[in-house]
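Hello,

Here is the structure I promised to pass on to you. Please have it open while you read, and my notes follow below.

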Amino acid sequence: RSSLSAGTAGSGELLPGSSSPTLHWELCGGLSRAHPPPPTRPARGCSDMRLWVLLSLLLLHETLQNVTGQPAKSKRPKEPGENKIKPANKKMKPKLPKLKERESSDSSTKSQSIMIQVMDKGRFQKPAATLSLPAGQSIELRCKGNKIGWSYPSYLDTFKDSRLSIKQLDRYGQLILANSTAADTGEYSCWLLLCNDYSCKKDESKTGSTYIFFTDKGELFVPTSSYFEIVYLNPDKPAVIPCRVTIPSAKVTLHREFPAEEIKTDGTNIIYDVKKGFVYPHPTSDHKGVVYCRAESRGSPQISIKYQLLYVEVPSGPPSTTIVASSNKAEGGDDVNVLCIVLGEPDVEVEFNWKYPGEEYERPVIIQDSWRLINRGIGHTTRISKSVIAIEDFETIDAGNYICTAQNLRGQTTVATRVELT
C-alpha cells in the first residue's frame with residue numbers, strides 16, 4: 001500500500017497534524033483505487049469494481065458494432081517469419097464458351113450471308129428476310145465473291161426486261177433493278193460458285209436471299225401474263241394456288257366459284273403463305289374446281305384471276321411409254337410410221353430420242369413431237385405426249401429395230417419395235 005496527500009477534500013480521514021485527509025490506495029484485480037484507511041472506514045469489495053468494469057466493456061463492444069456494422073474479428077497472432085500476404089499459387093483455367101454459344105457460332109459460319117443492299121449516300125446494310133419497297137423504286141443488291149450465281153422472279157427473264165442488270169465485278173456480283181413494278185415482287189437470292197476447269201457448283205455455305213414486296217395500292221395481287229391458270233392436284237405432292245400479294249399486310253381469302261362459297265384455311269389441309277399463296281399439302285379429288293382469291297387492304301378489295309384445279313390420276317415416276325408401228329411388215333416403196341406414246345402428269349414435259357436402222361447411212365426421216373391434255377373423268381386430267389418417226393419409200397436399209405427413249409425429270413423408259421421388209 002502507498003499513501004498520497006490530497007489537496008482537495010476527499011472521502012478519507014484527517015490525520016493529526018495535517019490539513020487534508022490521507023487516501024490509501026490498493027491494487028484490486030490488477031486495478032488500483034483509493035480508499036480510506038481500514039481502521040476508520042470499511043473497505044469496498046473488489047467485486048463491485050469488477051462488475052463496473054465488465055459493464056463498461058460490454059457497452060464499448062456494442063458501440064463498436066453499431067459503428068462498423070459488423071462484429072469485431074479476433075485476430076490470430078502471426079507466427080514469427082509469417083508473411084502478411086501469401087503468394088497465390090492457383091492456376092486459372094481458360095474460360096471456354098458454353099456449348100450453345102459454340103454451336104451458334106459454328107452454325108453462323110456454316111450459313112454465312114454474302115448479300116448486302118446498297119442504300120443512298122453510299123451506305124450498305126444486310127437486307128432483312130423480307131423487304132417492302134414502293135413500286136417505282138430502284139434497288140441494288142451485291143453479293144461478295146469472284147463468281148456469283150443469281151435467282152430472281154422468272155417474269156424478268158421471260159420478257160428479257162432491260163430494267164434488270166446483272167454484272168460480275170472483281171470482288172462481288174451486282175444486281176440492279178430499275179423502275180420496279182408490282183410484278184417484280186418475289187425472291188431475290190445469290191450464291192458463290194466454286195468452279196474448276198470443267199464445271200461450277202453452288203457453295204451452300206455462302207448464300208444470301210431476300211423476298212421483296214414492291215407495294216402498289218392499285219395492284220394488290222402480283223400481276224400475271226394470263227387471265228386463267230390451271231393448277232394440277234397431284235396426290236403425292238403439294239399444290240399451290242399462286243395468289244401472291246404486293247402488300248404483306250393485306251387480308252387474303254380463297255373462294256370457290258361454284259357453289260359460291262369461301263374456302264376456309266385451317267392451317268392443316270389448306271395453308272396460306274404470303275410468299276407463295278394458298279397451299280394444299282395433300283391434294284384430293286374433292287379440291288378440284290374453279291377458285292379465285294380476294295384481297296383487301298385499307299378497305300379496298302380486289303379479285304384475282306381464276307384458277308382451274310384439275311386432279312391428276314397418273315402416278316409420278318418415269319414415263320409410261322408404249323410404241324406401235326403402222327405396220328411391222330412393209331414392202332419396198334411403202335411409207336411407214338412408228339409412234340411412241342407417253343401418258344403422264346399434265347405439267348411434266350417429256351423428251352423423245354430415236355434410234356433407227358437407217359441412221360448410220362444418214363437416211364432422211366421426219367420426226368414430229370406433240371402433246372395435249374385429255375380428260376379421263378370430271379376433273380381428272382392426263383397429258384398425252386407423242387413422237388412419230390416417218391419413213392418414206394421404205395427400202396432394205398430401213399428394216400430393223402426402231403428404238404424410242406422417253407425421258408422426264410423422274411427417269412426414262414426405252415421401248416422398241418421391229419419392222420421387216422417383205
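Let me begin with a definition: a disulfide is counted here as a pair of cysteine sulfur atoms within 2.5 Å. By that rule there are 4 disulfides. One of them joins C143 and C190, whose sulfur atoms lie 1.9 Å apart. That bond connects distant parts of the chain, since C143 sits in strand β9 (residues 139-144) and C190 in strand β13 (residues 186-195), 47 residues apart. Strands (E, at least two residues) and helices (H or I, at least four) are DSSP runs, numbered from the N terminus. Why is the disulfide of C143 and C190 called left-handed? The torsion about its S-S bond is about -85°, so it is left-handed.

Two notes on how to read the values. This is a predicted model, in which local features need pLDDT of at least 70 and side-chain atom pairs count only at pLDDT 80 or more, while totals for chains, interfaces and linings use all residues. Residues are numbered from 1 along each chain as its sequence is written, and side-chain values use heavy atoms, with hydrogens and water left out.

On confidence: pLDDT is the predictor's confidence in each residue, from 0 to 100. The protein chain averages 80, and 74% of the residues score at least 70. Where pLDDT is low, the predicted coordinates should not be read in detail.

Next, the strands around β21 (residues 289-297). Two strands pair if DSSP finds at least two bridges between them. β21 pairs in the antiparallel sense with strand β17 (residues 251-256) over 6 bridges, and there H255 stands opposite Y292. β21 is also antiparallel to strand β23 (residues 306-312), over 3 bridges, with V290 opposite Q308. With β22 the pairing is antiparallel over 4 bridges, and A295 faces Q302. The hairpin of β21 and β22 has 2 residues between the strands, and R298 takes a positive phi near 55° in it.

I303 belongs to β22. Beyond its neighbours within four places in sequence, I303 is in contact with F221, Y292, C293 and R294. I303 and F221 are 82 residues apart along the chain, yet their C-alpha atoms are separated by 8.2 Å.

Finally, the pockets. On a 1 Å grid over the protein atoms alone, a pocket is an open set of points where a 1.4 Å probe fits, with protein on both sides within 12 Å along at least five of seven lines; lining residues have an atom within 4 Å of a point. A volume is the space filled by probe spheres set on the points, which are joined across faces, edges and corners. The largest pocket holds about 570 Å³. It is lined by 23 residues, of which V222, P223, T224, S225 and E229 are the closest to its centre. α3 gives the most to this lining, with 3 residues.

Best wishes

Conventions. Contact = heavy atoms within 4.5 Å.
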